[in-house]
Amino acid sequence: MPMLTIDDIDVTADEGMTILEAAGKAGIWIPTLCYYPKTSPSDSCRVCAVEIEGIGRPMTSCNTIAAEGMRVHTDTPRVRAIREEVMKLVLMDHPLDCPICPAAGECEIQNLTYRLGIHGTDLPLERRTDPIVGHWPLIEYNPNLCITCLRCVKVCHEVIGASALALKDVGYNARIGTREGDTLWCDFCGECVEACPTGAMSNKTVKRWARSWEMTKTPTICPLCSAGCRMEINVKDGRIFRITSNIDTHNSGTLCAGGRFGYDLVHHEERLDSPLLRRNGRLEPVFWEVGFTYVAENLKRIVKESGPDSVAGLASPRLTNEDCYAFQKFFRAVIGTNNIDSEARFSYLRVQRAMELTTGHMGTTGSLEDLLDTDAVLVIGIDPLEETPALGWKVKLAARRYDSNLIVANSRETSLDPFARMRLRIRPYSESELALGMMKIILDLDLWDGKFVRNNTANFLPMKNLLDKISLKGILRRTGVTEEGLREAALIFAQAPRASIIFGGDVIQQENGLQCVMNLVNLALLTGNLDRDNAGIYPIFEKGNILGLCDMGVMPEYLPGYQVAASARGTFERVWKTDLPYTKGRTVPDIVRGLETGDVRAVYVAGADPLTDYPNAGRLAAALEKAELLVVQDIFPSPTTRIAHCVFPAASFAEKDGTMTNIEHRIQRLNQAIPPLGPSMPDWNILEQVSAAMGSSMGFFDVSDVFREMTLTIPMYKGLKFQTLQGDGRIVRPFVEAGEGVRRGRRYSFAPVRTMEAPEKNRDAFPLEMTAGRSMYHFGSISTRSRNLLGLCPEGYVEINPQDADALDIGDGERVEVRSPVGSFVAPVKYSGRVSPGMVYVPANFPELGVYRLFEENTTVCRVKLTRYGEVDRV
Amino acid sequence: MCASPSYRMHFMMCAGTGCLASGSADVRAALEKELVKRNLQDEVQIVMTGCNGFCAMGPLVVVYPDGVFYNQVKPEHAPLIVEEHVLKGRVVEKLLFKEPAAKSAVPLMKDIGFFGLQRLIVLRNRGLIDAENIDEYIARDGYAALGKALLEMTPEEVIEEVKKSGLRGRGGGGFPTGLKWEECARYDNFPKYTICNGDEGDPGAFMDRSVMEGDPHSVLEGMAISGYAIGAHQGYIYVRAEYPLAIQRLEKAMADAREYGLLGKDILGSGFDFDIAIAPGAGAFVCGESTALMFSIEGKRGMPRIKPPRSAEAGLWNQPTNLNNVETFANINPIILNGGDWFASIGTEGSKGTKVFALTGAVNNVGLVEVPMGTSLKSLIFDIGGGIPKKRKFKAAQIGGPSGGCIPNGMEDVEIDYESLYGVGAMMGSGGVVVMDDHTCMVDTARFFTDFSVEESCGKCTPCREGLKVMLDKLTDIVEGRGREGDVEFLQELGRHINGTSHCGLGKSAANPVLSTIRYFRDEYDAHIHEKHCPALVCPELIDFVVIEEKCKMCGLCYRNCPSDAIIWEKKQVARIDLSKCTKCRTCIMNCKFGAIR
């Protein structure tokens with residue numbers, strides 16, 4: 001640790017620290033313009049020059065490493081002269097258009113000029129009159145305001161890896177431009193805007209509507225995906241004008257297009273603005289009290305007539321932890337049933353079940369930051385930049401900057417492919433087979449971690465027997481990869497000292513999801529990649545609070561905190577002062593069957609849109625229509641609200657307090673930035689009001705009441721305080737002990753399973769294989785209410801390989817009907833080399849397509865045929 | 001030098017870019033035709049050599065064994081040369097070189113001042129070998145140094161020898177080559193690379209081009225030796241794409257060397273592997289900076305990066321890398337063969353060996369010259385360069401390329417070595433010498449070089465990007481008559497700021513032309529600013545275009561040459577200029593022998 005003096009103050013710097021950082025540590029201010037902590041120094045502005053005794057030239061402190069015995073001076077006449085001269089050169093042709101500049105009030109030139117006391121510039125130069133680059137979506141570049149500090153270029157290249165921006169031309173004409181052509185090939189994360197010290201890169205969506213000093217910033221988290229990035233909502237007069245971010249956060253202030261630009265969905269004009277009640281077949285606005293009374297009385301009547309188990313509830317991963325807790329308490333304590341479930345049934349619960357049987361970890365086993373230092377990453381069945389961009393960027397960074405070996409296995413090309421050492425284009429549905437194949441090779445080559453397996457795992461022998469039985473040939477046939485490819489992937493993964501597995505939607509949402517996750521865990525166990533730093537398993541699901549939803553016990557199997565009634569009944573009955581239901585409870589398929597038989601008479605939906613998000617939505621719609629009472633609370637009208645009997649307007653993420661849990665199991669505070677719009681209410685409060693109307697209040701008068709009760713009933717929340725979860729929150733990982741004998745006393749257990757091959761029915765009538773995923777710029781269906789994001793991706797589409805399109809004689813952009821054995825939709829075609837021939841890919845974000853109607857229960861893969869829209873179908 | 005002993009005579013025909021441009025290929029064809037016609041093709045051989053250096057006088061033919069030097073040879077002279085020289089043994093008087101001062105013809109090359117005072121180490125093979133024939137290079141001790149290094153010396157001994165020689169980088173920095181190699185050899189991180197910087201960007205400089213075109217093997221050999229010394233097995237030559245002939249000859253040379261086992265695996269049975277690839281550059285001046293050059297080879301935007309780490313530690317692809325320029329590598333072979341002490345015996349205390357200069361501008365013998373360090377500027381300009389043409393006066397010499405400095409009249413006794421040049425505000429640079437006579441405006445010159453730097457700055461650092469632009473605007477104001485009191489002080493302050501705070505060599509020296517012209521020609525600046533007059537009559541806005549009656553000899557030259565009929569003149573009348581017609585083209589001024597127009 002080098003010791004140096006800066007302005008005669010003794011400073012001990014860390015190894016490799018720059019003078020600028022060391023000075024910051026000692027509280028000594030050195031002016032900077034181009035310096036940006038997130039990137040390598042570009043040392044272009046020269047304003048941070050300092051004098052070092054013994055060195056003739058002034059040195060730029062941002063890139064000069066502090067060395068032992070240095071004597072640095074930051075405020076000598078010479079240094080002051082340099083600062084002044086640099087600022088004068090900067091001001092020389094920088095238009096002083098501060099009154100109309102988007103950066104006014106937070107412009108670093110403005111602040112530095114003021115702080116250094118520079119009164120104008122005597123350097124005569126005409127201002128630049130370059131045309132403003134205004135044709136990019138969302139972001140605008142004004143070359144006349146640019147000081148070519150390169151922050152935007154560097155952050156785009158070094159942090160995001162999009163490398164969309166580049167310095168073009170030379171000398172005085174050097175300006176920022178796009179990498180190639182005129183189009184901005186970019187992730188639209190807006191990092192360049194955040195990084196820009198001036199108004200050169202600006203956010204088009206705020207221009208001239210609000211000034212920086214008029215807006216109040218509320219720190220909160222982005223609810224759109226499960227990365228839970230921290231951000232700041234900027235509000236003026238009760239309206240959100242933009243999103244900014246703070247560099248001192250767990251996401252280093254990095255946001256994606258959704259976080260940065262998706263905020264406008266909050267103010268979308270379709271927001272539900274009144275409770276609605278169905279009268280004479282139409283939904284009519286009513287007062288809250290009327291709605292509460294209606295729902296309460298009908299629920300009470302149905303419970304009285306058919307028992308509490310005739311009522312069922314569906315919640316959403318968009319709700320906060322408090323909403324979820326209130327939801328399950330409402331059902332368990334007020335109604336008296338375990339009939340609660342959510343879309344996690346078709347996704348994340350499979351992961352949890354598989355993890356529970358094998359490892360006991362619920363969710364990721366490490367943090368996002370840990371990924372940077374992992375030696376190999378297997379990214380399978382997910383394009384992380386589409387589901388959780390924050391994680392995708394970390395993986396990119398790991399591969400690019402830290403030389404991690406990236407293996408990408410997917411049925412289509414992902415945005416990580418260019419950074420991967422191994423790309424395996426596998427057949428849809430075959431992720432599990434690939435894992436088995438890799439394990440078989442690892443075992444054959446004796447590259448498995450014998451010590452770890454012996455000491456920590458059970459069921460290794462059955463696993464080995466299974467692998468011995470499987471033929472490699474069959475695996476190659478089913479996965480469609482070459483033997484060399486599989487072998488190399490296995491070698492890279494097994495030989496890495498620390499390896500991680502990231503998997504997502506494609507793995508989780510398939511019918512074989514459970515088995516598939518098990519096999520991926522088996523692979524991690526075989527190579528000993530658990531309980532190791534920077535190694536682990538990262539199951540990813542797109543929607544914001546999926547982990548919180550599960551943690552809160554919104555499922556029949558578990559009480560909050562994965563507690564079972566057998567052991568935790570006492571706690572809950574004491575706190576809730578009521579009996580817990582003894583019946584098992586219905587899952588979504590059971591609820592559907594119950595509705596069809598009439599056993600379930602009432603359904604209460606909170607925040608969810610099952611008709612868009614659940615597979616086989618056709619059958620579900622028919623079932624829900626049979627319900628005597630369908631209550632939906634949501635922020636937007638949806639296919640589900642349209643058939644509801646009563647609709648309650650809920651408050652959006654910006655309008656309520658609460659907590660959410662991201663994929664790392666980081667519990668963070670969501671803060672209210674604006675009052676609830678119109679008459680809307682936070683979801684927990686709506687449930688409380690309904691309970692009160694039913695005559696048995698849950699005792700929640702403030703959101704902190706809900707949280708306080710959570711700390712009493714959920715062991716992993718013990719000791720947490722609502723207020724202290726501000727900032728980066730707390731990572732709390734539950735570890736679930738499996739039932740008797742499952743892991744045979746060991747910490748972990750293999751789960752030797754094979755997957756069934758996808759049934760190959762209807763091959764001729766439906767020649768293409770369709771998978772559903774999401775668009776890079778959308779998150780669930782909620783973001784399709786954001787005009788900003790719609791500008792990047794306006795409507796649903798069908799990605800098809802040009803080769804197939806040619807054979808079908810369908811032109812790029814033409815509308816086609818996509819038909820599966822159970823449903824159909826119409827969408828424009830998009831040529832894409834990213835999907836292999838024989839496959840089509842559809843983002844499931846757009847409710848009007850109703851993509852899930854095409855899937856049979858439990859899967860997101862099906863066979864389809866495409867016909868040009870309007871053409872007569874001759875079968 | 002003789003590929004076949006049966007020839008009795010050789011025509012060494014210069015095939016450098018300069019002579020090719022003035023038609024040496026046609027001359028060769030004519031000579032060949034003539035020889036065939038007279039059935040002499042088995043007696044006389046024509047050899048296309050690399051650049052001879054005396055480019056102003058091309059096309060050049062040197063006839064051996066006599067050593068007779070013919071210049072400005074045209075195809076129609078072919079019969080004459082063959083008839084007179086080959087058959088009759090008589091020197092062709094009219095094609096001989098005439099010393100500008102003496103006016104007498106000098107038949108032998110060695111007697112010509114331009115050649116006689118040079119000492120050839122780097123250019124040892126110039127005009128003597130066929131650049132595309134490896135055998136001729138080998139015949140002139142080529143690859144003997146590589147053999148000696150690989151078979152008789154350890155890498156440490158090679159480095160020791162180079163250190164002993166005192167050789168300093170010829171690219172401009174002047175860093176001791178031996179120390180550079182030693183540092184690079186010290187890092188235990190493989191692979192390592194050695195790079196030859198052939199990105200010659202200074203206007204008017206073409207010594208590296210000449211070596212690459214005329215003696216490509218000397219570069220390859222020097223690189224191979226450096227590779228052996230530092231432990232590199234791969235070399236890159238970064239050549240500007242504007243030098244197609246250099247690229248072509250280097251590629252031929254590399255192919256030949258590989259065939260002879262002088263490049264590739266197990267060179268000369270020593271077990272040492274070394275190969276070279278060419279990386280063509282796109283001609284950005286800043287790519288001559290070592291780190292920018294390495295980025296360029298990696299396929300990135302050529303922009304200087306922060307040091308440390310120095311390239312010796314983490315250069316190309318973050319691996320230890322040695323980078324020398326073409327001329328430096330060409331010095332290695334003689335150093336290894338003759339020893340470091342021999343090399344150190346040439347030159348001055350701090351600067352050893354020789355330096356190649358590209359002599360251009362207002363000098364009679366324009367061309368490439370190699371002189372021992374410590375030669376005076378005066379000797380360079382007047383003895384070798386043959387003085388200033390048209391009886392004009394020497395005014396200044398700009399040394400060190402666009403960011404060098406000017407050495408004024410009265411200081412021409414300065415010895416040319418790194419320290420002395422630095423002492424007078426110039427620098428060695430890559431060795432461009434632009435000689436200026438009294439018809440040169442120093443403010444305009446400063447403006448010209450600043451304009452170059454504005455164009456070639458990469459645009460990263462504020463002082464260089466913005467400051468140079470301000471400087472250029474200010475200088476433009478001055479030469480166009482908008483100069484104001486205090487402008488000179490302003491330029492000085494800004495210039496010092498730019499030089500003091502920029503990151504790379506370009507920025508650090510970009511203000512030199514301005515600062516040094518102010519230092520030595522302050523009066524010219526003042527004349528421009530206060531009197532609104534350009535003393536050298538170069539800046540059109542600051543010329544009155546008035547005839548000085550007492551100086552006018554009424555010769556009418558101005559009248560005859562004026563392209564826009566602006567001169568009113570009759571025989572035995574003083575000329576007058578009609579300013580309404582005058583386009584300020586300065587033709588009259590350039591034609592007036594009496595300085596009668598101001």
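Student: Which residue in E10(B) is the bridge partner of B:Tyr193?

Tutor: The partner of B:Tyr193 in E10(B) is B:Thr321, and please keep in mind that what we are looking at is a predicted model.

Student: And how many bridges are there between E7 and E10(B)?

Tutor: Strand E7 of chain B, which covers residues 193–198, pairs with E10(B) over 5 bridges, and the pairing is in the parallel sense.

Student: What order do the strands of that sheet have?

Tutor: The order in chain B is E9-E8-E7-E10, which makes an open sheet of 4 strands with parallel pairing.

Student: Which strands stand at the edges, then?

Tutor: Those are E9 (275–281) and E10 (321–325) of chain B, and because each has a single partner strand, one side of each is left without a neighbour in the sheet. On average, and with direction ignored, neighbouring strands of this sheet are turned by 20° against each other.

Student: Which strands does helix H10 touch?

Tutor: Helix H10 of chain B, residues 216–230, packs on the sheet and touches E7, E8 (234–240), E9 and E10 of chain B, while its direction makes about 150° with that of E7(B).

Student: And H13, which strands does that one lie across?

Tutor: Helix H13 of chain B (residues 326–338) lies across E7 and E10 of chain B, and it runs at about 90° to E10(B).

Student: Zooming out, what does the domain assignment of chain B give?

Tutor: For chain B, the assignment gives domain 1 (9–95), domain 2 (134–342), domain 3 (354–437), domain 4 (442–530) and domain 5 (544–598). The C-alpha centres of domains 3 and 5 of chain B are 34 Å apart.

Student: Which residues lie nearest the centre of the largest one?

Tutor: Among its 32 lining residues, those nearest the centre are A:Arg318, A:Gly607, A:Asp634, A:Ile635 and A:Ile782. By class, the lining of the largest cavity divides into 15 nonpolar, 8 polar and 9 charged residues.

Student: What volume does the second largest cavity have?

Tutor: Its volume is about 120 Å³. It is lined by 13 residues, and the closest to its centre are A:Glu542, A:Lys543, A:Asp613, A:Arg774 and A:Tyr852. The lining of the second largest cavity has 3 nonpolar, 5 polar and 5 charged residues.

Student: OK, pockets now. Which residues lie nearest the centre of the second largest pocket?

Tutor: They are A:Ser40, A:Lys154, A:His157, A:Glu158 and B:Phe295, out of a lining of 46 residues, and the volume of this pocket is about 1800 Å³.

Student: Which helices and strands each supply at least two residues of that lining?

Tutor: Chain A contributes helix H4 (151–160), strand E7 (165–168) and helix H11 (389–400), and chain B contributes helix H12 (290–297). The largest share, 4 residues, comes from H4(A).

Student: How do the lining residues of that pocket divide by class?

Tutor: The lining of the second largest pocket has 21 nonpolar, 12 polar and 13 charged residues.

Notes. Residues are numbered from 1 along each chain as its sequence is written. Chains are lettered from A and ligands numbered from 1 in the order in which they are written. This is a predicted model: local features need pLDDT of at least 70, side-chain atom pairs count only at pLDDT 80 or more; totals for chains, interfaces and linings use all residues. Side-chain values use heavy atoms; hydrogens and water are left out. On a 1 Å grid over the protein atoms alone, a cavity is a set of points where a 1.4 Å probe fits but cannot get out, and a pocket is an open set with protein on both sides within 12 Å along at least five of seven lines; lining residues have an atom within 4 Å of a point. Ala, Val, Leu, Ile, Met, Phe, Trp, Tyr, Cys and Pro count as nonpolar, Asp, Glu, Lys and Arg as charged, and the others, Gly among them, as polar. Grid points are joined across faces, edges and corners, and a volume is the space filled by probe spheres set on the points. Two strands pair if DSSP finds at least two bridges between them. Axes are lines fitted to C-alpha atoms, for helices over the stretch in contact, and angles run from 0 to 180 degrees between N-to-C directions. Contact means heavy atoms within 4.5 Å. Domain bounds come from an automatic or database domain assignment.
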